[in-house]
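Please keep the structure in view while reading.

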Protein chains: 4
Amino acid sequence: MSAPSGLINETTKGVYVIAATPFADNGELDLESVDSLTDFYLEKGVTGLTILGMMGEAPKLSEAETTTVMQRVLKRVGGGVPVVVGVSDASDRNVERLSREAMSLGAAGVMVAPVPNLKTDDQVYAYYANVATQLGREIPICLQDFPQSTGVHTSVSVIHRLVDAFPQIVMLKHEDFPGMRKLSQVREQSAAAGRRRISILVGNGGLFLPQEMLRGADGAMTGFAYPEMLVQVCRLFHAGEPEQAEDLFNLYLPLLRHEFQYGIGLALRKETLRRRGAIRSAYVRRPGPVLDATDHAELGRLIGRLEAALG
Amino acid sequence: MSAPSGLINETTKGVYVIAATPFADNGELDLESVDSLTDFYLEKGVTGLTILGMMGEAPKLSEAETTTVMQRVLKRVGGGVPVVVGVSDASDRNVERLSREAMSLGAAGVMVAPVPNLKTDDQVYAYYANVATQLGREIPICLQDFPQSTGVHTSVSVIHRLVDAFPQIVMLKHEDFPGMRKLSQVREQSAAAGRRRISILVGNGGLFLPQEMLRGADGAMTGFAYPEMLVQVCRLFHAGEPEQAEDLFNLYLPLLRHEFQYGIGLALRKETLRRRGAIRSAYVRRPGPVLDATDHAELGRLIGRLEAALG
Amino acid sequence: MSAPSGLINETTKGVYVIAATPFADNGELDLESVDSLTDFYLEKGVTGLTILGMMGEAPKLSEAETTTVMQRVLKRVGGGVPVVVGVSDASDRNVERLSREAMSLGAAGVMVAPVPNLKTDDQVYAYYANVATQLGREIPICLQDFPQSTGVHTSVSVIHRLVDAFPQIVMLKHEDFPGMRKLSQVREQSAAAGRRRISILVGNGGLFLPQEMLRGADGAMTGFAYPEMLVQVCRLFHAGEPEQAEDLFNLYLPLLRHEFQYGIGLALRKETLRRRGAIRSAYVRRPGPVLDATDHAELGRLIGRLEAALG
Amino acid sequence: MSAPSGLINETTKGVYVIAATPFADNGELDLESVDSLTDFYLEKGVTGLTILGMMGEAPKLSEAETTTVMQRVLKRVGGGVPVVVGVSDASDRNVERLSREAMSLGAAGVMVAPVPNLKTDDQVYAYYANVATQLGREIPICLQDFPQSTGVHTSVSVIHRLVDAFPQIVMLKHEDFPGMRKLSQVREQSAAAGRRRISILVGNGGLFLPQEMLRGADGAMTGFAYPEMLVQVCRLFHAGEPEQAEDLFNLYLPLLRHEFQYGIGLALRKETLRRRGAIRSAYVRRPGPVLDATDHAELGRLIGRLEAALG
């Protein structure tokens, strides 16, 4: 794991939880819940936090709210663990502004997803190359590879080209789907070519976490509402206990698969965090998913079954 | 369950397995494997078969091959269980031609997915209305709602309009994702309005089968390589044992989730069927997914874990 | 035409030019060019302006810049013509905040495009219904129907439902493509049903303006760099001279078709405005299109041919 | 131009008209109209024909109809001009089968569009490399680059790699949109690298034909219902008369732009061909676009205006 108060780098491993952004039932930021959720994550043993990602509803915040969330979380964490900040935006200028603000507040690095409408390898490369150049050598960058949301496909060879050209690119958030072969190819081709080995943390709610750890992932960057499981699974993998890790993982898999549902998954995740006492309201900003009575009962049943299985 | 040799109708329930189409390693149809795979499915207790769906590689067959597969499977089944035939095509004429051919050979009904590029409710309705009119009252139709592949979104209200207007539409293959609310809405709104209740069988590899059964599904229409689990889970649900059903389901969930991966999932499914002795080759027609050594080892490990869990 | 300083309403007609947002070569807002561009549009006789649309690079502005552009344009216009403000955003709260700010500064109405990922008629209706409810009766709304960019398809029947339910929806910016039949259907079905007739202004650079005027459009809301042509063509149509209107339109069609190219079209438009003296720099914020030497020469040749044709 | 009865090659230039497939009003193939349409194209002076493309409704034909169309057209042409055959299919086997059939019947080459779902440069390259390998050195291939329909983006660097590796790839049908820079880049980078120069014919209805000729296109492969204009424009360009060429082009531009509308464009094209006496029915196979009374009147007016302009 990286030094708690330091920057992310190529050797970063463990669980960087994708933090939800808590709102009150009236839609306003709930800063007390920002604190309690941060505490919750820390108590569950996460290695780091990633705030203001897509599942953090970043595009629905005002600029002032964005700054407030950064400040509040970074203060609450108090240097205890690294905090990565999502800075994706339609404009390079805004990516740079947000990145500099985050780093000045004590962030450990920034996460960047590509803008939509990049179609070819060269276009994807050019986008990231430009961002990396603008941000400079001092700001560590995590590439977010999430084509299900962005519509942009980042090929293995583009990843290699970026890693070769920009030392500040130190991490890949891998959540292409299906994408496990890509993970293996990045690892195998990098090793074969003597290329710099970057950190790879996986997303997609952790749906394939055991398989991805076996293929060379260093951990997870995702927001499943039971982060203690992700933490324990990664520890077991790092301790050389893959079977035990997967046994534990599988206990949670029914609920994890349920939360995996795009769109409504965020509402399920926030409701689970609310039930666990981490936040006061499960409100998702509009337009966004809203649970109905059936959804609530179904989630409750799955949580009940998990608790029974855990004994 | 419907009468074994009869047509599908509104009361159809159980497991209609989406049948793979077996090829030899040189890409030719393997008719002996068509027989052995059909036997395999029947031995596992499926209620019916669905052949020539997307996962049956139907768009990659020649017309003669399509006819051969229909004939071979229907002959092998010998009226033992109903067989639904996928007839989706870019042209209405071909949908009709395939449907009439299938029914004349003894099919129990046809499954139709919409053509791409239908954008609004009225466009989707018009497409299906036209197909239903062309096929007439005597051919039972299963609507395939699979927007992840077709790009077409069929709303609850379109489903209602079609059910009201066309008695030959007797079944919905539900595999929108996320789509569980749609399933509940179809059921609840139909009941509230005194509308005809159609059969709903679920797809997506069965990833949410227990939840969908609780929401009113009548069974599954999917091709998971362990159909005996789907059969047993549906039986337990129909017997009023949802907890026992879900316990069983969860044993298979790690492998089922693995096979769920779009694209490569078909190669994983065929390879699993091959390992189980149901077919002789796992060949997928090109262009299509091909497993590499890591994929094979990973699949083997997951199968091994399943077998260990089953004792 | 609506009263110059009033709000847009169902009888609004003419040309609402989609205003570019001028930047300096270093990417900063160029406020002097905001003034000169506003003057340019007014001199060309436009009926109104629409600012902060997609082609106004609104998603690339900071909040402070957004406010500055609104203030600057509205002050420069000085109530001379109505100004519509684009307020589309991922969050309802931001749509409302921007709308109230725009109206308080003197805007004539707001233009709203749907968020992505709305798939069915009911989803599109619900999105707009919610926005209209939030904004209330006093803020006139223009629906922007531009599926090529949003991926959202707004059906004729959704438009009817919205018009029936929300009197504040007074205008449709029609730029579905191909979409002329939709325009006719809205007009014909509204008339047949005795429904409220709303204003329809057309987009897509004006590529089908004469055909759309004949089908019942009230004018154009687009940003072609020769707005005087759009103005004159609409006047001729309103004066009952369609053939003369189309003769004039066709003189500009080669250049208009050139500017129609999605993506690079904005760079061509700004460069044309620069060559016409309306702005000082053709800079488009990054990531965005950049003209190369061939593009410049090609544009210059087409402008030269237009000037020769105009005599 | 290539020798009339020979194969297409790198030096092919001129107009290869994308041939419509004529049906009777009942949807059956109209073989007499296949003949009359072939004669029409030849009389208009086209350099070659391209049959069974997307606008030839190839995916809606049965296999027997496909063979019939190939035979009928090739026989009618009688070696007078080269005929390229569209052979795109979901399966490599079918691409090969159709290609061998076409060549054995006397085709001059085949046109191949990629299957959907190719996302990265390497995936697109691999698809075409595989097809080219299967077809072998003796069958000339035209790459169809039409992402608006296929969703696949073929980058300049992929085109270069394919040209370098496969001498049988002799032609690019260029119809990315906007895509003029791609055309220039292929030409400029090929020249700079001493790479083999292939033939480039442009599509998109010819909407940018003059600009594309100036950027290095060798002609057009498109189906505008007035092919004599395309022929004359290409001749004038080849004769060094670009201004005269563009003057002529612009006379037709209003109608050409009208026909350019995706989807309904095919119905407009067939109706125009019908009005010109080239085919007996404008029927488009279902599901497909159908003109209504307004569409007919609008088309008639535009044709009338063209005829008046031509004097």
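How much area is buried between chain A and chain D, and what percentage of it do carbon and sulfur atoms give? In this predicted model, the area buried between chain A and chain D is about 620 Å², and carbon and sulfur atoms give 61% of that area. On the side of chain A, the residues that lose the most area to chain D are Lys119(A), Asp121(A) and His153(A), which together make up 62% of what that side buries. Seven residues of chain A are in contact with seven residues of chain D. The side of chain A that touches chain D has four polar and three charged residues, and no nonpolar ones.

The table sets out the values for both interfaces.

| Item | Chain A and chain D | Chain A and chain B |
|---|---|---|
| Buried area | about 620 Å² | about 3000 Å² |
| Share on carbon and sulfur atoms | 61% | 47% |
| Salt bridges | zero | 18 |
| Residue pairs in polar contact | one | 22 |

The contact between chain A and chain B takes 35 residues from each of the two chains. In chain A, Arg181(A), Arg257(A) and Arg305(A) lose the most area to chain B, together 22% of what that side buries. Arg305(A) also takes part in a salt bridge with Asp247(B), with a distance of 2.5 Å from N to O. Four helices of chain A, namely H7 (180–192), H8 (209–214), H10 (242–259) and H12 (293–310), each supply at least two residues of the side that touches chain B. The largest share, ten residues, comes from H10(A). By class, this side of chain A has 17 nonpolar, six polar and twelve charged residues.

The last topic is a helix of chain B. Helix H4 of chain B covers residues 121–135, and at 1.5 Å a residue its 15 residues should span 21 Å. The end C-alpha atoms are 21 Å apart, which agrees with that expectation. The buried residues of H4(B) include Val124(B), Tyr125(B), Tyr128(B), Val131(B) and Leu135(B). What covers the buried residues of H4(B) includes, from chain B, helices H3 (92–104) and H6 (156–165) and strands S4 (109–112), S5 (141–145) and S6 (169–174). Helix H4 (121–135) of chain C is also among the covering elements. After H4(B) comes Gly136(B), which has a positive phi, near 85°.

Technical notes:
Residues are numbered from 1 along each chain as its sequence is written. Chains are lettered from A and ligands numbered from 1 in the order in which they are written. This is a predicted model: local features need pLDDT of at least 70, side-chain atom pairs count only at pLDDT 80 or more; totals for chains, interfaces and linings use all residues. Side-chain values use heavy atoms; hydrogens and water are left out. The expected span of a helix is 1.5 Å times one less than its number of residues. Buried means under 20% relative accessible area, exposed over 50%, partly exposed in between (1.4 Å probe, protein chains only). Contact means heavy atoms within 4.5 Å. Buried area is the accessible area (1.4 Å probe) that two parts lose on being put together, summed over both. A salt bridge is a side-chain nitrogen of Lys or Arg within 4 Å of a carboxyl oxygen of Asp or Glu. A polar contact is a pair of N or O atoms within 3.5 Å; within protein, one must be able to donate a hydrogen and the other to accept it, and residues adjacent in sequence count only if both atoms are side-chain atoms. Ala, Val, Leu, Ile, Met, Phe, Trp, Tyr, Cys and Pro count as nonpolar, Asp, Glu, Lys and Arg as charged, and the others, Gly among them, as polar.
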